[in-house]
Amino acid sequence: MPIHNADIAAIFEEIADLLEIENANVFRVRAYRNASRTLQELGKDVRTMVQKGEELTRLPGIGEDLANKIREIVETGHCAMLDKLHKQLPSTITELLKIPGLGPKRVKILYHELDIHTMEQLQRAVRDHRIQSLPGFGEKTEIRIAEALTIHAGSTSRFKLAIAAQYAEPLAAWLRTISGVQQVVVAGSYRRAKETVGDIDILITASQNSPVMASFCNYDEIAEVLSHGPTRSSVVLKSKLQVDARVVKPESYGAALHYFTGSKAHNIAIRRLGQERGLKINEYGVFKGQTRIAGETEESVYQSVGLPFIPPELREDRGEIEAARSGRLPKLIELGDLKGDLHAHSKASDGHDTLKEMASAAQQCGFEYLAITEHSRRLTVAHGLDPVQLAKQIDEIDRLNEQLTGITLLKGIEVDILEDGNLDLPDSILTKLDLVVGAVHSRFELSRAKQTERILKAMDHPYFTLLAHPSGRLIARREPYDVDMLRIIRKAKERGCYLELNAQPERLDLLDIYCQAAKDEGVLISINSDAHSVLDFNNLSFGVGQARRGWLEKQNVLNTRTLQELQPLLKRTM
DNA sequence: GCCGTTTTCGGCCCGACTGTTTTCAGTCG
């Protein structure tokens with residue numbers, strides 16, 4: 001089985017866990033974690049880099065030693081160091097670290113004192129009350145572990161951004177009504193527009209005597225209060241979503257917002273810059289000795305380390321600090337830049353609303369155009385159109401466009417890319433359309449080579465315009481199909497076609513790192529709603545969030561073009 | 001284990017809350 005970046009990242013993560021349990025140097029542990037993150041976020045295949053003999057030490061956090069380990073894993077599928085660690089500690093032991101309250105120190109004690117290295121053994125020990133007498137443990141810790149074990153069995157994991165918003169926004173609005181409260185901001189990965197969030201981080205500024213923290217812990221959707229202090233509290237909502245709230249004084253607002261927005265890696269990098277200038281940066285401000293020199297706004301925090309403001313979506317320590325330093329920060333796309341939408345359905349296939357209703361809703365969004373792209377006949381569950389039905393819709397759209405003012409419906413199709421790479425409808429009908437959106441809806445399990453060839457062949461089709469939801473992933477439900485995305489991006493460049501960033505909250509596909517890769521290659525991305533009803537245009541904000549995470553600017557996005565600018569771009573020249 | 005406008009050694013972000021402790025280690029974000 002070929003080794004992918006994620007496989008090597010997982011090995012490094014496991015090594016870090018095991019080293020930590022063995023009480024290794026914390027910076028050595030961090031080096032493995034940093035390398036793991038680099039590999040997960042790398043927009044290209046490290047296996048290919050190895051095969052081409054490219055210099056791995058150019059990657060951030062990869063030095064001679066880790067470069068050698070990467071080569072070893074690529075070439076042998078194994079890592080001798082991990083095998084050696086497994087001789088000292090069982091491989092199952094890292095599972096225990098997932099229990100909140102169990103860190104490396106306690107896991108080590110559990111193993112050495114009670115020979116516990118699986119969840120089942122931990123469960124039995126908890127049941128027999130053998131935990132509470134261990135050094136560093138106690139009765140409360142044992143109870144917490146017991147509770148965590150039952151929750152862990154139901155494994156809640158991460159929430160999609162759109163779902164998190166449904167809990168975060170009402171809570172934030174309610175907090176704003178509490179006396180003495182001045183500002184409430186949802187920070188954390190939510191503010192960075194990550195596709196999923198593990199918890200909700202809320203930053204509050206309030207007057208000294210405000211009851212906001214006590215009120216927060218009495219919010220009526222709370223299932224459990226995990227911790228409750230004067231400035232910081234954590235709760236779990238009935239929906240299982242964890243919410244951390246933090247209260248600071250107004251003069252610390254910017255520093256706290258910066259700290260609470262993250263990412264952790266970005267914060268570390270910024271604090272390190274502060275250190276170099278003899279400054280200490282924490283959530284209360286930027287300090288020179290005892291004196292606060294900045295922190296009321298985020299801008300002031302960045303300014304203190306000689307940088308311009310960096311938008312939250314870029315704060316992942318993926319080059320944004322270097323870009324800021326050299327004045328190369330992108331001017332990120334905004335929702336208002338979109339002039340239209342190139343992927344939507346109506347009642348004719350599996351949508352809920354009529355052509356006219358969809359056109360009107362798009363116009364309400366301020367759009368000049370909306371492409372109607374029904375499914376094709378192969379997708380019978382979605383009532384995909386055959387050539388006759390599509391011809392009928394083409395006529396219908398032509399007639400409707402004569403009545404409409406200020407909005408134009410474009411004639412399109414979301415045509416299935418068949419297993420052999422052919423399109424599901426004949427050229428005789430495709431030629432009558434303004435654009436052809438191609439999509440994979442079947443045979444997700446094909447090998448990487450076959451899946452890639454299938455899509456590349458479809459893109460070679462003379463009428464092919466846009467590849468919809470390029471990876472096919474459904475967040476937390478279906479993994480992306482195995483495909484060489486960089487070859488697809490280069491093919492799009494070569495053939496003059498485009499890739500979609502599908503804004504449905506469970507898709508958000510193209511992934512951010514590939515948006516960046518497409519931008520680098522000069523391939524335009526279309527941020528589409530894939531609307532199945534008039535309500536779905538609201539999802540475009542999530543698509544724009546993802547695009548911003550992918551460093552996209554207005555000019556990198558196809559549907560920021562006016563209709564007049566767009567039309568020649570839809571005509572294939574080869 | 002990585003890294004360098006303090007460059008091949010000696011650093012590596014910073015603080016809150018909890019529980020088990022008599023002053024702090026562990027965990028978390």
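Helices (H or I, at least four residues) and strands (E, at least two) are DSSP runs numbered from the N terminus, and two strands pair if DSSP finds at least two bridges between them. The model is predicted: local features need pLDDT of at least 70, side-chain atom pairs count only at pLDDT 80 or more, and totals for chains, interfaces and linings use all residues. Residues are numbered from 1 along each chain as its sequence is written, while chains are lettered from A and ligands numbered from 1 in the order in which they are written.

Figure 1. Three bridges join β9 (residues 285-288) to its antiparallel neighbour β10; K288 has T291 of β10 as its bridge partner. The open sheet has the order β8-β9-β10, with antiparallel pairing. Because β8 (280-282) and β10 (291-294) each have a single partner strand, one side of each is left without a neighbour in the sheet. Neighbouring strands are turned by 35 degrees against each other on average, direction ignored (axes are lines fitted to C-alpha atoms, for helices over the stretch in contact, and angles run from 0 to 180 degrees between N-to-C directions).

Figure 2. β2 and β4 (residues 199-206) run antiparallel and are joined by five bridges, and V185 has L203 of β4 as its bridge partner. Contact here requires C-beta atoms, placed from the backbone, within 7 Å.

**Figure 3. The contact of α19 with α20.** The axes of α19 (residues 448-460) and α20 (residues 485-495) come within 10 Å and cross at roughly 10 degrees. T452, I455, L456, M459 and D460 of α19 meet R487, I488, K491, A492 and R495 of α20. These residues divide into five nonpolar, one polar and four charged; Ala, Val, Leu, Ile, Met, Phe, Trp, Tyr, Cys and Pro count as nonpolar, Asp, Glu, Lys and Arg as charged, and the others, Gly among them, as polar.

**Figure 4. The surface near DNA strand B.** A residue is near the strand if its C-beta atom, placed from the backbone, lies within 6 Å of it. Of the 43 residues around DNA strand B, G63, G103, R106, G138 and G229 come nearest. Helix α13 (264-276) supplies the largest share of this surface, six residues. By class, the surface has 13 nonpolar, 16 polar and 14 charged residues.

**Figure 5. Backbone geometry in two loops.** Most residues other than glycine have a negative phi, and most peptide bonds are trans. The peptide bond from G262 to S263 is cis, with omega near -5 degrees, and S263 lies in the loop between α12 (253-261) and α13. R443, which is not a glycine, has a positive phi of about 50 degrees; the loop between β14 (437-439) and α19 holds R443.

Methods:
Contact = placed C-beta atoms within 7 Å.
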